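Subject: Structure for you to look at

Hello,

Here is the structure I said I would pass on. Please open it alongside this message.

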Amino acid sequence: MEKKYWQSIEEYKEQNKGTDMNKEPFPEFSIEGLDESEIKGKSSRRDFLKMLGFSVSAVALVSSCQTPVRKAIPFLTQPEELVPGIPNFYASTFFDGNDYCSILVKTRENRPIKIEGNDMSPVSRGGTSARVQASVLNLYDDARLKNPYKDGAETDWATIDKDVKANLAALSQSGRKVVLLTSTIISPSTKKLIDEFIATYPNIEWITYDTLSFEAIRKAHELNFGQAVIPEYNFEKAKVVVGFSADYLGTWLDPVAFSKQFSKNRKILKGNTEMSRLYQYESRLSLTGSNADYRYGVKPSDEVTVLLNLYNEVAKATGMSTYSVNSSPVDVSKTALDLLENKGHSLVVSGTNNLNIQLIVNAINNILGNYGSTLCIDKPMNLKQGSESAMARIVNEMNEGKVDGLLLYNVNPVYDYHKANAFAEGMKKVDFTLSFADTKDETAELCQYIAPDNNYLESWNDAEPVKGEFSIVQPAIRPIFNTRQFQDCLMKWADISGDFSDYLENNWKVILGEDGFVSSWNKVKYDGVYSLPQDEMQGNSGFREQKLSDSESGNGLELVLYEKIAMGTGKYANNPWLLEMPDPITTATWDNYVCVPVKYAEQNGLVHENVVTINGAFELPVLVQPGQPEGTISIALGYGRTAVGKAGNGVGKNAFQLMHISDGYADVAGTEVTMEKVEGKTYELALTQMHHTMEGRPIARETTLQEYIKNPYAGNEEHLKDEKNNVTLYSKVDYDGIQWGMTIDLTSCTGCGNCIIACQAENNVPVIGKDQVRRRRIMHWMRIDRYFSDDIDNPVVFHMPVMCQHCDNAPCENVCPVAATNHSDEGLNQMAYNRCIGTRYCINNCPYKVRRFNWYEFANNNNFDYNMNSELGKLVLNPDVIVRQRGVVEKCSLCVQRLQAKKLEAKRENRPLRDGEVQTACSQSCPTDAIQFGNLKDEKSVVVSNNKEERMYHLLERLHTLPSTSYLTKIVNKEA
Amino acid sequence: MIISASAVKNHLKCKRFLLLSGLFTFLLFTQLSFGQTAETEANFAVCKACHTIGGGKLVGPDLQGVTERRSEAWIIKFVQNSQALIEAGDQEAIQVFEENSKIPMPPNNLTDDQIKDILLYIESGGKVAASEVVVVETDETVASQETVQAETPSKSVSGRKDIRNMQITFFVLLVLMLISLFDLFVTKRLKAKWIHYIIILTALYIGGEVIFVEATSLGRQQYYQPDQPVWFSHKVHAGQNQIDCMYCHFTADKSMHAGIPPVAVCMNCHNQVKSGKNTGESEIAKVTEAYNNRKPIEWIKVHNLPDHVYFNHAQHVEVGKVDCEECHGVVEEMDEIAQVEDLSMGWCIDCHRTKEVQFVNNKFYEQYSKMHEKLISGEMKKVTVADMGGEDCQRCHY
């Protein structure tokens, strides 16, 4: 029987009732919730005549007007490297205190407009994440501070310098304590500078604070190996990965690097049948869990028991002593067997910030001999250096009045510390407070001084995310406002001459050596990355056993907090692109909510969009989430900000206060909460879930590795049938030279959503707001469909990116009355916006539902108060792509502007196009290389070789639309 | 010179054939007048900004007879890097440097052979007709901008025709039509009804045509010739001084924008040239002032395309080898620049349908194997832009 996929719970129930989805389709569009005018239409015949009269006179008026005078203002002296109309790329680094990524910044006329992945980086290897892609919009955030502040009023830097120096000197002379509270700093030069700064003012204590701490991992390694480090993880070498609540493909530690490594092991191409296997034990449905071959739902309080059982199984098999333990709620024997079979090529990770759990994880990895292979403590990661005990101590000292000065860099504890109130109270007792925040955030609002830092695209810096792997941060634009880099402030206040770029250069002289420094320094800036020669990795030397212990399972309702793919810990809560990005699992935009297990919801009479109170503290809407383990609920962090800017203020609720604290470690999961339904109250959520449903047709195709080895066409039998049936009277379109095509490997795609934001940035896709998303008008040119199958309590998840398929036989083209959409010589299904009259016939006739209609003028319209109505926000627009006006249809163009640019480059250089040179925005930065793009007429191209795979199929082949985009069947490494 | 497009405001409609004939004659003219290779001429274009051949001193000395004055080896060294030579203490170089008010000659990335070719080219007199070279120290009285503008209508305005007075035609016909309609149905004076019909039909036809012509030109700016903040003459620079287009618009072969030259480029010459033929010192002073006050000049953009059009100069100039004149008209004949073509989509497409692609000269086109076969078999005579997809919407609209 054909496997059934479902996208929502309603659809699942509908299927299981035995009704035929095709006969009784789920209502695609509900008019409930729309205002009356939307349903009936407001205009009468009189209105029509009025409009007619108005438009005729408007046209007459406009046509009699003079053409506006446009000016062309050239440079006084044109900088050598800058040619108007040609983009420059600068290698730089994204690091916001949490996530690291080596990037290229695309600038046009000296303004950054797009972030691309830097494929020279051995760490992030050309991948990016949605947040990295969206970070360019933060540069043009209206909420950024334009001047330094003193006591809530704007001031100048001279005043700041004078006051701060006087304050610091006074505090230093009287020996009173000043705290410098920063996020994790991975820049060796900045660290050195801070040390020098502290040498000038020895009364300063430097504390590192991470919003979500990883201290337990460091502590566990200190106990086991004597080094308080986070080891380097290598998922590429791991044939079996067992994850415990670690969303390493989505948000955990270094997801871009891990996704790259993960995908390298899962390419079933060109006869390769080797594939890693992922086990995931987790207390909510995470992105990693949705990609795991085996996934088990586990309550946070059961995680220790499951892990210790796994330890016992592994220890037993290797003849080591075991611990007495409660029986595991899920069977771990299969996992243990797989781990033992792949000794030295396996990896166990846990994202739980709990010392005991991390000790068990280390012990298992040690028995399996993974240290020195998939884990490396000699080459540790420098991310997440925060110390929770120090932070807790400082908050106490602040409240006791022992701290007299507080400098805050890149931290916002008043919003995201679990004892935010205590911190805010403590701040009141500190005489001298200063924040380097670039916006007036919750913490900066309470500070006496704000010395706004530059955006990272305006700054110099370096980074060392992994020991020995360096990268450079270099400015792509001058500071837009009267801001100053944090490091420059420190230098000024410590009377260090020069600016930070000189300081950085001098520091790099030590790394690169004085000989030939100019050229080697230039090369580092050109490449963006620099690796020190690596020593041989050492094995698991000197493992010190620690006592492991079990714990009792909880009885209450356990809360799991988590970072959303888009929102993270709330640093980008004012970024409209990220606010509107559908979550890969829930497909919700613009809000946070309580994910409730299906069974629990049924038992307690909760349905989607009901409102509940959590601990009586705050209300949130309910989202019934398949795959949410029994006895748990989950809430996203990063919402509920009050001082972030126009787009993000008051969106969702802040849940940081509900962090689970045990033994001084704050973890996201495990707090027992009470949840009460608020009777009669509902809250609308903007989900893209039932949009564009494909009505149960065989679109998502998958098979297991075993089946695939037996029959390469496994799961894709339909393709052969359809190929046979595809008979046509018409001759096939014959392209010459170039036919653009795309292949999407569904085995690799994790659904991370990087491509959605990359596309949005590249193609000037507007943000339309929650209300419009609810009306199913989301403008994204590509979406990631999420299908569920199998068990509703632990579903198998399927992610599938869908954009315009560029059919050779396109149904949309035939129905356009004005030929606004037609076919190009290079196989593109093109859209001429200025010809479109907005009949939307094409939208109706497109079987893939990838066309979007501009219901409103989204630019320069204050009803859409995001970024396209502000002078500053509009600077992010790509000048090569038009901003579409109201009333026209738009869709994926396969980034035609990028294709044209690369063709021109080849023509100017008098050479043929090279495969891989032309990339669309989505394919360029895909962290798993799932999306490949190229010329289908080039026999040596990757897309042609992918299309020769037996796994290849097109969407809805039986319609004979002949798409240029093809998919490769998803292969799951699961035993049947 | 056949035509002399000039600054006639408001009377700008043009007869295409005259313009084309002008263009043709111009091309013929340029074809005839050089002796050396095209490459040499292109290389010399850079020199021309400061030197003449027999035209007297410009910024640098007149190059006529330079091969007799200096040794070839010395010239090569000096041309390649004059400053290096001066720094090395070469007496001859220092003398030349000081004679020419110590304006350094920028280094040139030319090979020895290229310079030798240029020297041959100079010996042969270059293509520049001596009579055309304008020297700063001419005897002509310096005319002010106003007098030039007042004079220009008396000069040849061929290539343009007066605007047909569409409005009057339209309203006269409208009135005639109304009168005949009124007579037809109400007063009924004229018994011969066919007269009414003829008048009405003629009025409808001509009125319709007027509306059509006027409506299609809405938003277009053919013959747009705004007053610029600085009275800059292309005729003097590109025409009489023979400065290559690409000397000032130096990104036309690289970028989508041809680029308005930065003031620093003007100052390359106007460091020295402080007085002009037409406007004396007043206009050049504006340029110097802009440079000294660090305030860029706000030029009025003449050739405007709608936002939904993507046009790339590099594609046309560098890849397609389209001459600037083909779209911009005979710029070297215009004092103030005007838009000669209507830059309509029909005009673009017309060219795309006939223009031949550099199909065999560019390795990029090797991948179009079917078209190559057709060319060899004779099925296709030439490959036009349209054959390569030049009529596709998303070549220009995205």
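Predicted model: local features only at pLDDT ≥ 70, side-chain atom pairs only at ≥ 80, totals over all residues.

Overall form of chain A

Chain A contains 29 helices and 44 strands. Its radius of gyration is 28 Å, close to the 30 Å that the globule rule gives for 976 residues, so chain A is as compact as a globular protein of that length. Of the 976 residues in chain A, 54% are buried. If you take the contacts in chain A with a separation of 6 or more, 73% of them join residues 24 or more positions apart.

Domains of chain A

The nonpolar core

In soluble globular proteins, nonpolar side chains tend to be buried together. The largest nonpolar core here has 275 residues. Leu307(A), Ile364(A), Leu561(A) and Val594(A) are the residues with the most contacts inside this core. Helix H12 of chain A, residues 355-367, gives the most to the core, with 8 residues. For Leu307(A), the contacts beyond its neighbours within four places in sequence are Phe244(A), Ile357(A), Ile360(A) and Val361(A).

Val850(A)

Is Val850(A) buried or exposed? Val850(A) has 22 other C-beta atoms within 10 Å, and therefore counts as buried; the cut-off for that is 20 or more. Val850(A) sits in the loop between helix H26 (841-845) and strand S39 (852-853) of chain A. Apart from neighbours within four places in sequence, Val850(A) is in contact with Val802(A), Met803(A), Cys804(A), Lys891(A) and Cys892(A). Lys571(A) is 279 residues from Val850(A) in sequence, and the two are 31 Å apart in space, C-alpha to C-alpha.

Where chain A meets chain B

The contact between the chains takes 42 residues of chain A and 45 residues of chain B. On the chain A side, strand S2 (71-72) and helix H27 (896-908) each supply at least two residues. H27(A) provides the largest share of that side, 6 residues. The side of chain A that touches chain B has 19 nonpolar, 13 polar and 10 charged residues.

S2(A) also pairs with strand S1 of chain B, residues 299-300, in the antiparallel sense over 2 bridges. In this pairing Lys71(A) stands opposite Ile300(B).

Domains of chain B

For chain B the domain assignment gives domain 1 (34-128), domain 2 (134-159 + 228-343), domain 3 (166-216) and domain 4 (355-398). The C-alpha centres of domain 1 of chain B and domain 4 of chain B are separated by 41 Å.

Regards

Notes
Residues numbered from 1 in each chain as written. Chains lettered and ligands numbered in written order. Contact = placed C-beta atoms within 7 Å. Helix = DSSP H or I, 4+ residues; strand = E, 2+ residues; numbered from the N terminus. Nonpolar A, V, L, I, M, F, W, Y, C, P; charged D, E, K, R; others polar. Pairing = 2+ DSSP bridges. Core = buried A, V, L, I, M, F, W, Y, C linked by C-beta atoms within 7 Å. Buried ≥ 20, exposed ≤ 12 C-beta atoms within 10 Å, placed from the backbone. Rg over C-alpha atoms; globule rule 2.2 N^0.38 Å. Domains from an automatic or database assignment.
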